[in-house]
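Let's take a walk through this protein, from the overall numbers down to a few spots that deserve a second look. Keep the structure open as you read.

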Amino acid sequence: MESKATTPVWMVRAGKHGQYQDRVIDQNIAAIGWPDLPDLSGIRSKDELLNLIKKTYPDANPRTLSNWCNQVWAFLHSIKPGDLIVLPLKGKSAVAMGKCVSGYQYLSENPEDCRHSIGVQWNEERVPRKRFKQDLLDSLGAFLTVCRIRRNNAESRIIEVFLGKSDPGNSELITNRKTLLPTDKQGNAELESDSVEDSDAETDYEESLRDQIRRHIEVEFKNHDLSRLVDALLQAQGYVTSVSPPGADGGVDIIAGQGPLGFTHPRIAVQVKSGDFVCNSQSMREFKAAAREHGADSGVYICWNGFNREVQRNERKNFFEVRQWDSDELIEQILRHYDKFSESIRAELPLKRVWMLVREGS
């Protein structure tokens, strides 16, 4: 008796540096690069696609050509309407999730790196990375543009998160992968020939290590202690600061200025939100008003869990008034100024620089 397969889950990136992630979400598509390839609507076999890729990229080595062919073929023919699409967002501590609603289309009016597309209905809200356990984050860090995510019962677990629940982990209740995949008569899980999967891909260890730092901060710097960490960061940058005590803060957690006594411009106001709170437009408006009342030239709104789409869309308009930092940007700032932190803060957040071999093409 064959087991019912779960909904396939695919990761499709949006540019090496995430440069097209806002565009694809706004257009309700997922898109891939390979800009030198023409409209692929007429491709009917993997051999035909491989020959076209070889002709288009004659200097690439055979292994790379085969890898590219597998990814593009999966995008063209393996992803089906109803499949779940995930997009780890670069520069943000969140993942976009949606459902495939239509097959391949060549969008000639788009920038060259996002013309090969499929239709995706993206969820309005983003899923914070902390909602996923580390093994799933490692899979989402695979060095591939298109990749099926199913290691460690990933498909069932990601669907739980998609439905607003918590990642149950690689539960003992679901330990047999054969219960998740179509099986042959001998009960062996069937995989597509030359499939593109997370288990075959290299992991972005830099992102994995950053996730570990994120989890440590969540545990060691909860609630008002996150403001204390941000205060240490501002002092490391040369600011004279004043931190409000726990409790009501008038909409501003930290005020900071330059100069020996902090009287010199720029004078900034900082709001720090930890936990599961997501900054919305009302919260942003209230912070702007509070920053002005405190005499600040500008502000920094630090929301560990990120900002909703409306606030994100207005980020450029707020550029000279408010900077928006989620956990990713805050960690980036911490790493940049870590050597100037006090010994006590470094003891609470012990970090060490490591050297890594840079992956070719990364």
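Of the protein's 362 residues, 46% count as buried, where buried means under 20% relative accessible area, exposed means over 50%, and partly exposed is in between, with a 1.4 Å probe and protein chains only. Before going on, note that this is a predicted model, in which local features need pLDDT of at least 70 and side-chain atom pairs count only at pLDDT 80 or more, while totals for chains, interfaces and linings use all residues. Residues are numbered from 1 along each chain as its sequence is written, and side-chain values use heavy atoms, with hydrogens and water left out.

The accessible surface comes to about 19000 Å², and 49% of it belongs to carbon and sulfur atoms; accessible areas come from the Shrake-Rupley method with a 1.4 Å probe, and for residues only the protein chains shown count as cover. You'll find 11 helices and 12 strands in the protein. These are DSSP runs numbered from the N terminus, with helices being H or I over at least four residues and strands being E over at least two. As for contacts (heavy atoms within 4.5 Å), take those between residues at least 6 apart in sequence: 65% of them join residues at least 24 apart.

What does M11 touch, once neighbours within four places in sequence are left aside? The list is V86, P88, S139, L140, A142, L144, T145, V146, C147 and I149.

Now for helix packing. Two packed helices are described by the angle between their axes and the distance between the axes. Here the axes are lines fitted to C-alpha atoms, for helices over the stretch in contact, and the angles run from 0 to 180 degrees between N-to-C directions. Start with α2 (residues 46-56) and α3 (residues 62-78), which pack at about 130° with their axes 9 Å apart. That angle makes α2 oblique to α3, given that under 35 degrees counts as roughly parallel, over 145 as roughly antiparallel, 65 to 115 as roughly perpendicular and the rest as oblique. The crossing of α2 past α3 is right-handed; the near helix is turned clockwise from the far one by less than a right angle in that case, and anticlockwise in a left-handed crossing. From α2, the residues K46, L49, L50, I53 and K54 meet L65, S66, W68, C69, N70, V72, W73 and L76 of α3. Sorted by class, that contact has 9 nonpolar, 2 polar and 2 charged residues. Nonpolar covers Ala, Val, Leu, Ile, Met, Phe, Trp, Tyr, Cys and Pro, charged covers Asp, Glu, Lys and Arg, and the others, Gly among them, are polar.

Further along, α7 (residues 224-236) and α10 (residues 327-337) pack at about 45°, with 10 Å between their axes. That makes α7 oblique to α10, and α7 passes α10 in a left-handed crossing. The contact brings L226, L229, V230, L233 and A236 of α7 up against L330, Q333, I334 and H337 of α10. Its residues divide into 7 nonpolar, 2 polar and no charged.

On to the backbone. Most residues other than glycine have a negative phi, and most peptide bonds are trans. N28 has a positive phi of about 55° although it is not a glycine, and N28 lies in the loop between α1 (21-27) and β2 (29-32). Is N28 buried or partly exposed? At 30% relative accessibility, N28 counts as partly exposed. N153 also has a positive phi, near 60°, and N153 lies in the loop between β7 (146-148) and α5 (154-162). N153, though, is buried at 3% relative accessible area. The peptide bond from H265 to P266 is cis, with omega near 5°, and P266 lies in strand β10, residues 264-273.

Last stop: Q324 in strand β12, residues 322-325. Q324 counts as buried at 8% relative accessibility, and beyond four places in sequence Q324 touches M284, Y301, F307, V311, Q312, E315 and N318.
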